[in-house]
Amino acid sequence: METMHPDTHAQQHWYLATLGHKALLRELASLGLPASAATHDPLALAGRCLIADPIGYPEAHRAAELVLAPLHTAHTFTTTVTDEDNVLEHTGVVPVLEEHQAGAVTGWYAELLLFEHSTRLNKAAYRLSRMPGDPNWIIDSDFLPSGHPGMLRPFGSRRPGSGKRTLLPPFVAELDRLIAQGPGSAA
């Protein structure tokens, strides 16, 4: 099977459709574009903004560039996940990894884009938190293949019992490695 690494365009498109979608809508709203320009289809809107000509549509192009800024300094990693008899290779893109405060508690916040190498159609986007005492990264938000949110919870929200969704150990290890490297380190 041929391995397909996510190219820059794929990363940008998925980011604008998921983790950066609200910011993109805010940027576009300030331009006063007609309602037809801001579709409720996150994938289509992201695609249109990515192909916006800097000469013909400078405002839409500039809006996309502003929202994509976190990807310019994103950390990346490649890891494998064993699922029953399959070994799947993934590329992770981490545009945001920082300490964040929720009330009186400070924890870690991360945004993670995942691309499975065997197909670009199987990808994920998460907003994650790890509060003091949490043994794992908790998934606060995830996104469906359409780009629409599947689950949205505020940073550091406490969920009782088994309702907590967490990352698989290989992804946890990579985020922990990035934290240990410190800010500004190359990944």
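Predicted model: local features only at pLDDT ≥ 70, side-chain atom pairs only at ≥ 80, totals over all residues.
**Notebook: helix packing and cores**

I started with α2 and α3, which are therefore oblique to each other. Oblique is what remains once angles under 35 degrees (roughly parallel), over 145 (roughly antiparallel) and 65 to 115 (roughly perpendicular) are taken out. Their axes cross at roughly 60° and come within 11 Å. Axes here are lines fitted to C-alpha atoms, for helices over the stretch in contact, with angles running from 0 to 180 degrees between N-to-C directions.

Residues are numbered from 1 along each chain as its sequence is written, and side-chain values use heavy atoms, leaving out hydrogens and water.

Next I looked up the handedness: α2 and α3 make a left-handed crossing. That label means the near helix is turned anticlockwise from the far one by less than a right angle; clockwise would be right-handed.

Which residues meet there? I found H21, L24, L25 and L28 on the α2 side, and P42, L45 and C49 on the α3 side. Contact means heavy atoms within 4.5 Å. By class, I get six nonpolar, one polar and no charged residues. (Nonpolar is Ala, Val, Leu, Ile, Met, Phe, Trp, Tyr, Cys and Pro; charged is Asp, Glu, Lys and Arg; the others, Gly among them, are polar.)

Then I turned to α1 (residues 8-17) and α3 (residues 42-50), which pack at about 130° with axes 8 Å apart. That makes α1 oblique to α3 as well. α1 passes α3 in a right-handed crossing. From α1, the contact uses H9, Q12, H13, W14, L16 and A17; from α3, it uses P42, L43, A46, G47 and L50. Those residues split into seven nonpolar, four polar and no charged.

On to the cores: a nonpolar core is a set of buried Ala, Val, Leu, Ile, Met, Phe, Trp, Tyr and Cys residues joined through side-chain atoms within 4.5 Å. The largest has 23 residues, and Y15, L16, L24, L28 and L113 touch the most other members. α1, α2, α3, α4 (58-67) and β3 (105-116) each give two or more residues to this core. Apart from it I found another core, of 16 residues, including F77 and F171.

Last, the whole chain: I counted six helices and six strands, which are DSSP runs (helices H or I, at least four residues; strands E, at least two). Buried residues (under 20% relative accessible area, 1.4 Å probe, protein chains only) make up 43% of the 187 residues.

Methods:
Buried < 20%, exposed > 50% of the residue type's maximum accessible area, 1.4 Å probe, protein only.
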